[in-house]
Amino acid sequence: MSVSAPALSLRHRVIRAGAWTLGGHATSQALRLASNLMMTRLLAPEMFGVMALANVIMVGLQLFSDFGLAQGVVQSSRGKDPVYLNTVWTLQILRGGLLWLLTLGIGIAIHLLAVLNWFPAESVYADPVLPYIIAALSINVLIEGFVSTRLATASRNLTLGRVTLIELIGQGPAQACMLAWALWDRSVWALVAGSLVYSLLRVALSHKLLPGERNALHWDQAAFREILGFGKWIFLTSILGFLSANGDRLLLGGLTDSETLGIYAIAFFMVGALRDVFAKLIGSVSFPAFSEVVREQRDALKRTYYRFRLPVDIATLSASGLLFASGHLLIHFLYDDRYHAAGAMIEILCISFFALRYSLAGQCFMALGLPKLLAPTMLIRLIALFGFMPFAFHWWGLQGAVWTIACNGLFTLPLTLYFKTRHGLFDLKRELAVLPLLGVGYAAGLALNHAVSLLGGPA
């Protein structure tokens, strides 16, 4: 009985947290889609290209300085200690200030290099507005440094209801600001303004809506050493993960013009909206659950892992097959003719869902205190992307580059399966049993194409 009660409690919390995460994130993505559809009718494609590159740079800077502060709160045995939490908060603020200064420096550097004609004239990097957007977005990292550690504590406890509400409440005013600005001045600054409003609201609400002690500036050397010991591998993994996950837009920014990158950004947004739902569930729910299992009942980790994997497998494999056959319909019905080239890109990019399922194994490694195992898999993705994508673009154009991006994660599967086997997390029967779902999804996509063509739509 002593084991079953906590297990039942964890199960209930996982179900509740998963429902909040899926429902909340699905609502969030629906709001983002509605906003995106309105903004694409008000702004030109090249504006989305410039903003996409600026956002990638911003995300990269944050991940290049990521020491796993939030993950440490979830994983550490001291994750409820106010001394530990306030040390984390102090580090967040220091990191935010340094990132702000660094981002301003990068904006100035890009401006000077553009003036000196170091970039191809047609590339996104040469766009004169890019440095100013980067400088404006740098304020976000300064603001985000003050976010309450109560967000990480809520994740640790799998009490994600209010966390989800914070994300949804912040989106409304941010998207209203974007729309109002775009109606007044149809420029890329509408997107920038919405981003800043969201960051301000998220930080304010994290202190007001979540229970727990108020954060205060504090420094504890023992807590810092623990954070550094766990976070050094998060730091390396974040750098490699950023380059492998965002290198597509960094490279395309130098290989294509703003309009082409803007169209690609729409395809990436559509696939990413679904991928983010899966990633949110995996990161927000599975990692805290796996961490608790490791702390209390290590032998149950494999069973817990495959319980999480089954619904993720069903969703990702079915979606991959469905979109591979009929992804172009999304763009045809939602966007105007300027963006229709994004349809073929969606059908290729959805292949990435196959490898996405295995990020659950990474959450297990993190819960085991082995984030170092993520570094070599990220390195493989990085080498594959930066090694093959320019070559593919040279020989097969944009389509070849998109295929390289989509298949990038597949190169890591042999090593991931090896690590899973080594740590008792591999079951061949369960791995093979779900693969027919790809065919089911593909058949559904073909049927959807046929039904739409009968109604006079695109084949």
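Helix 4 (82-115) and helix 6 (150-156) each supply at least two residues of the lining of the second largest pocket. Helices here are DSSP runs (H or I, at least four residues), numbered from the N terminus. This is a predicted model: local features need pLDDT of at least 70, side-chain atom pairs count only at pLDDT 80 or more, and totals for chains, interfaces and linings use all residues. Residues are numbered from 1 along each chain as its sequence is written, and side-chain values use heavy atoms, without hydrogens and water.

**Second largest pocket**
- A pocket is an open set of points on a 1 Å grid over the protein atoms alone, where a 1.4 Å probe fits, with protein on both sides within 12 Å along at least five of seven lines.
- The space in the second largest pocket is about 300 Å³.
- Its lining has 17 residues, and the closest to the centre are Arg150, Thr153, Pro211, Gly212 and Glu213.
- Lining residues have an atom within 4 Å of a point.
- By class, 5 lining residues are nonpolar, 7 polar and 5 charged.
- Asp, Glu, Lys and Arg count as charged; Ala, Val, Leu, Ile, Met, Phe, Trp, Tyr, Cys and Pro count as nonpolar; the others, Gly among them, count as polar.

**Helix 1**
- Tryptophan 20 sits in helix 1 (residues 4-42).
- Its relative accessible area is 38%, so tryptophan 20 is partly exposed (between 20% and 50%, 1.4 Å probe, protein chains only).
- Arginine 41 is also in helix 1.
- Arginine 41 counts as partly exposed because its relative accessibility is 45%.
- The C-alpha atoms of arginine 41 and tryptophan 189 are separated by 15 Å, with the two residues 148 apart along the chain.

Methods: Grid points are joined across faces, edges and corners, and a volume is the space filled by probe spheres set on the points.
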